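Keep the viewer open and follow along.

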Amino acid sequence: MTIDFQQPAKEFTVLRCLRAIMLPSLVFFVTWAMIYSLGTRISAQEARHELSETIAFFESDVVHELKLVINEGGQQNLRDAPRDYARCSLIEDGKTTLKSIGVKLKGAAGSFQAFDDRPCFTLNIDKYKKDQRFHGMEKFHLNNSVQDESYLSEWLGSELFRKAGISAPRVSHVRLWINDRDLGLYVLREGFDGPYLKRSFGASNGNLYDGGFVQDIDSELEMDSGDDPDNRGDLIGLVTACYHPDQATRMSLIASRLDMNQFFSFMALERLCGHWDGYTQNMNNYRIYFPKNKKGVFLPHGMDQLFGDPGAGLYDHTTPLLAASVMQSDEWREKYRQRLKELAPLLVPSDRWSAKIDELGDRLHPVLELIDASLATEHVEHITALKERISRRAEALPELIEHGMKPPLDFESSEVFQLTEWYPSVEAEDARLEEVELDGIASYFIGREPFGEYVSSWRSQVLLPRGSYRLEAKIRTEDVVPIADDQGRGAGIRHSHLGRCNTLVGTNAWTLVSYEWDVSENQRQFELVLELRARYGRAWFDRQSLTLRRTEK
């Protein structure tokens with residue numbers, strides 16, 4: 001037997017070489033893991049600090065003073081290219097200064113104003129200086145509130161959505177200067193930035209799309225953020241699902257890409273608040289976010305015109321793809337209805353919001369007095385009007401929820417239906433809507449004695465299959481002095497999606513009036529309207545004459 005005395009030496013040499021290679025690697029790995037763990041903890045600590053700082057800012061009862069310092073070149077840039085960022089500095093309460101901030105003008109029809117007027121702004125805090133923050137925010141907006149003289153509609157919408165479990169940007173108020181130019185009171189709203197997305201969804205690496213101005217999800221929506229700007233498969237997949245011809249397949253595909261429970265809540269709250277300029281009614285003012293490897297969710301935006309119509313319908317079929325998909329499905333329509341019932345207590349009764357609105361009004365009042373005493377006086381009136389609109393909406397909701405949604409009318413068994421279930425919609429406090437008899441004829445009455453513009457109506461919900469339709473009513477009027485707008489003038493009939501040409505003004509004996517339209521979808525919900533749009537006068541609608549006829553399949 002031959003013993004190789006060199007073998008142990010060879011093995012020792014190999015082990016020594018492996019140790020020489022692996023030990024530094026092991027040290028490197030352990031060191032890297034420690035640094036990564038420490039960095040993660042620091043990052044988490046920073047995130048928690050930013051979150052607490054942001055919440056503290058929005059929950060403070062202080063109306064801060066902000067000054068944007070913009071040099072002549074930057075001002076000219078904002079005049080020439082208002083949607084492009086210019087540089088500025090931001091001074092808060094005359095103390096804290098942040099430099100190299102991006103500022104641009106924002107707003108659409110109704111709210112946009114030029115730089116030398118009283119514009120809205122978007123401020124990008126870390127546009128030119130990485131990791132710079134303003135109370136934990138990378139981005140925020142300053143809104144001029146020209147469409148909301150109470151300055152509280154945006155705040156109210158944010159509070160309601162968040163109480164319903166739907167992520168929404170927080171809202172506060174500031175007094176704003178551009179250099180030495182006092183622009184007055186502004187609404188400050190946090191942006192849909194990285195910190196906001198992390199706080200709401202745990203991460204910010206998903207795709208966030210901006211709904212733009214009156215654009216549905218099948219438009220070329222701008223991608224505000226995302227790890228792969230060229231990959232829009234999440235949105236394209238959702239749009240493709242909406243166009244599938246088979247309803248059952250369409251519903252399954254949509255539900256695989258969109259968080260439907262969240263969308264039912266989103267749609268319900270937009271409708272409950274009368275957010276007519278949101279996604280589900282006007283395909284406007286929204287964001288849609290797809291968290292990484294998760295279903296998409298809708299985020300509310302532009303809530304400065306809430307509660308405008310106390311009698312606004314809850315089941316109207318509208319054109320936005322996803323809202324239409326909900327209303328065309330019996331199953332989804334019922335789930336949406338149940339969510340309306342669950343969320344309505346946020347508004348009913350309305351007293352809980354009146355106290356908070358008064359508290360915020362008291363906070364803003366001294367600031368407005370410093371700017372202009374007349375503004376402060378007028379603001380009290382605007383706050384009172386807001387509370388009254390909320391109260392009237394809260395009173396109308398139980399009836400709207402319970403009786404607003406009907407099964408589809410069966411036109412196979414009858415070509416004509418007499419419409420017997422109507423509910424009042426009062427938009428003027430001293431208007432009278434009553435069921436009366438006139439000349440022995442049972443009628444729906446609308447009237448108001450004092451002068452002053454008002455609109456009031458009787459309404460009925462119907463679900464109609466595809467076809468052509470004619471609504472008829474006999475109307476009598478007395479001393480009607482009309483107001484004119486896009487919907488119509490004087491006394492008349494229509495459905496809530498369009499205006500009307502039929503009109504009765506002055507004094508008229510019983511007159512037969514008709515209104516015709518087409519339904520191109522398989523089925524669609526409509527709110528039928530008997531209305532008086534007048535400065536003065538009275539109108540009666542013969543209850544027996546209220547019929548709906550399908551004139552063509």
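Two strands count as paired if DSSP finds at least two bridges between them. With that rule, four strands form an open sheet in the order 9-8-10-11, and the pairing is antiparallel. Strand 9 (222-225) and strand 11 stand at the edges. Each has a single partner strand, so one side of each is left without a neighbour in the sheet. From one strand to the next, the twist averages 30°. Strand 8 and strand 9 run antiparallel and are joined by three bridges.

Now step back to the whole chain. The model is predicted. The chain holds 12 helices and 19 strands. Of its 553 residues, 49% count as buried. Consider the contacts with a separation of 6 or more: residues 24 or more positions apart account for 70% of them.

Seven strands close into it in the order 1-2-3-4-5-7-6, with mixed pairing. Here the twist averages 40° from one strand to the next. Strand 2 (residues 86-92) and strand 3 (residues 96-106) run antiparallel, joined by six bridges. Within this pair, Ile 91 stands opposite Thr 97 in strand 3. Helix 3 (residues 153-163) lies across strand 5 (139-143), strand 6 (171-178) and strand 7 (181-190). Helix 3 runs at about 150° to strand 6.

Turn to the helix pairs. Two packed helices are described by the angle between their axes and the distance between the axes. For helix 5 (residues 233-242) and helix 6 (residues 247-257), the axes come within 8 Å and cross at roughly 160°. Angles over 145 degrees count as roughly antiparallel. Helix 5 and helix 6 are therefore roughly antiparallel to each other. Their crossing is left-handed. Helix 5 contributes Gly 237, Leu 238, Ala 241 and Cys 242 to the contact, and helix 6 contributes Arg 250, Leu 253, Ile 254 and Arg 257. By class, this contact has five nonpolar, one polar and two charged residues.

What do the buried residues of helix 5 pack against? These residues are Leu 235, Gly 237, Leu 238, Val 239, Ala 241 and Cys 242. They pack against helix 6, but also against strand 8 (207-210), strand 10 (286-290) and helix 9 (321-328).

The axes of helix 11 (residues 351-371) and helix 12 (residues 373-403) come within 8 Å and cross at roughly 165°. That makes helix 11 roughly antiparallel to helix 12. Helix 11 passes helix 12 in a right-handed crossing. On helix 11, the contact residues include Ser 354, Ile 357, Gly 361, Leu 364 and Leu 368. On helix 12, they include Ala 376, Val 380, Ile 383, Lys 387 and Ile 390. In total the contact has 11 nonpolar, four polar and three charged residues.

Strand 17 (residues 490-495) is worth a look too. Is strand 17 enclosed by the rest of the structure or exposed? Six of its six residues are buried, so strand 17 is largely enclosed by the rest of the structure. Strand 17 pairs with strand 18 (residues 506-542) in the antiparallel sense over six bridges. Ile 493 stands opposite Leu 530 in strand 18.

Finish with two loop residues. Most residues other than glycine have a negative phi. Asn 285 has a positive phi, near 55°. Asn 285 is found in the loop between helix 8 (279-282) and strand 10. Asn 293 also has a positive phi, of about 60°. Its place is in the loop between strand 10 and strand 11 (297-300). At 14% relative accessibility, Asn 285 counts as buried. Asn 293 is exposed, with a relative accessible area of 80%.

How values were computed. Residues numbered from 1 in each chain as written. Predicted model: local features only at pLDDT ≥ 70, side-chain atom pairs only at ≥ 80, totals over all residues. Heavy atoms only, no water. Axes fitted to C-alpha atoms, helices over the stretch in contact; angles between N-to-C directions. Parallel < 35°, antiparallel > 145°, perpendicular 65-115°, else oblique. Left-handed = near helix turned anticlockwise from the far one by under 90°. Contact = heavy atoms within 4.5 Å. Nonpolar A, V, L, I, M, F, W, Y, C, P; charged D, E, K, R; others polar. Buried < 20%, exposed > 50% of the residue type's maximum accessible area, 1.4 Å probe, protein only.
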